[in-house]
Amino acid sequence: MTSLWTRGGLSWWQLGRRVWTQMWAQELFGRCAELAYYFLLSIFPLLLFLTTLLGYLAGADGALRASLFDYLDRVSPSAEITGLLHRTLDQVARGRGGAKLSLSLLAALWVASSGILAVARTLNSACGLRETRPWWMRRLVAVAITTAFAAVIVAALAVIFYGEEIGQALANRVGLESTFLFAWHVLKWPLLLLIVLLSFDLVYNFAPSLGGRLRRAWGTPGAVTGVALWLTASFGYRFYLYQARGYSTTYGSLGAVILLLVWFYFTAFAILVGGQVNSEIQQRLAAPRGAARGARAAARGGSRRRPQRRRPRAVDRPHHP
């Protein structure tokens, strides 16, 4: 199979111009606002599902939960955003008892998957795809992707939180302690970046209705573009908020909510642009194959077509009165 990195023969400039044109044609900027709204509705059920799952796996000490918000604070544009998420989640958790919180695990997963459904609808519209799956299949895929996200996040936190202890024990057994410690500190952040890239490709491969026309791939240009845009927007937004601190005077107590919505808008923009990049390349790769299949079908049809007999012309006869 042809790699997406060939870009179907397009240069990076041509690909960027095609993506920019489609962004305006598909009204992508308005769809980002729609997606940010669904993200706001889904983030707290997702965090509730994650923290409940962490409670089952890590017990009541909450070390992995604290680590989750610690790493979230590193990529979020503002500490106010992390504080809003943390406070709201604590209020939800205190409002429910322990057994009641455990029983709400599936309900939180169901509501959190609505964000993936919104991503699927928006990617279908932005990439010109027609939804052919029944509603129950779409919901099942959304729940599966949400569960996969939770598993990836928990695994990443476990590797970060306990990976050094596990790796050091293995290094002591084989006698590579100093070498491993150096390699671990160097490779830890590229490993996290790889996890984020795979998460983007997970969305691009299974959320939209690709059907049998477009193939699924990993390590795609769209995922690299989406992650680069997301990181650039997040850290650029953080730098802007550090320089301009006047949002609280404008929005008051709603300032943290507004910051969260704007960050979700940037996140939606990164996801949709990455999906558009993959869509343009896949359509470019599929176009020659479609043209070749059409030419072969026309050739076969022409070879099977029988020559039509020419009907003899009627000869004018003289009219006798």
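Modeller: Buried means a relative accessible area under 20%, exposed means over 50%, and partly exposed lies in between, with a 1.4 Å probe and protein chains only. This is a predicted model, in which local features need pLDDT of at least 70, side-chain atom pairs count only at pLDDT 80 or more, and totals for chains, interfaces and linings use all residues. Residues are numbered from 1 along each chain as its sequence is written, and side-chain values use heavy atoms, without hydrogens and water.

Colleague: Why is Ser42 called buried?

Modeller: Its relative accessible area is 7%, so Ser42 counts as buried. Across the protein chain, 38% of the 321 residues count as buried.

Colleague: Which residues does Ser42 touch beyond those up to four places away in sequence?

Modeller: Ser42 touches Val111, Ala112, Ser114 and Gly115, where contact means heavy atoms within 4.5 Å.

Colleague: What lies 2.9 Å from a polar atom of the Ser42 side chain?

Modeller: The backbone oxygen of Tyr38 lies at that distance. A polar contact is a pair of N or O atoms within 3.5 Å; within protein, one must be able to donate a hydrogen and the other to accept it, and residues adjacent in sequence count only if both atoms are side-chain atoms.

Colleague: Where in the fold is Ser42 found?

Modeller: Ser42 is in helix 2 (residues 28–58). Helices are DSSP runs of H or I with at least four residues, strands are runs of E with at least two, and both are numbered from the N terminus. The protein chain has 11 helices and 0 strands.
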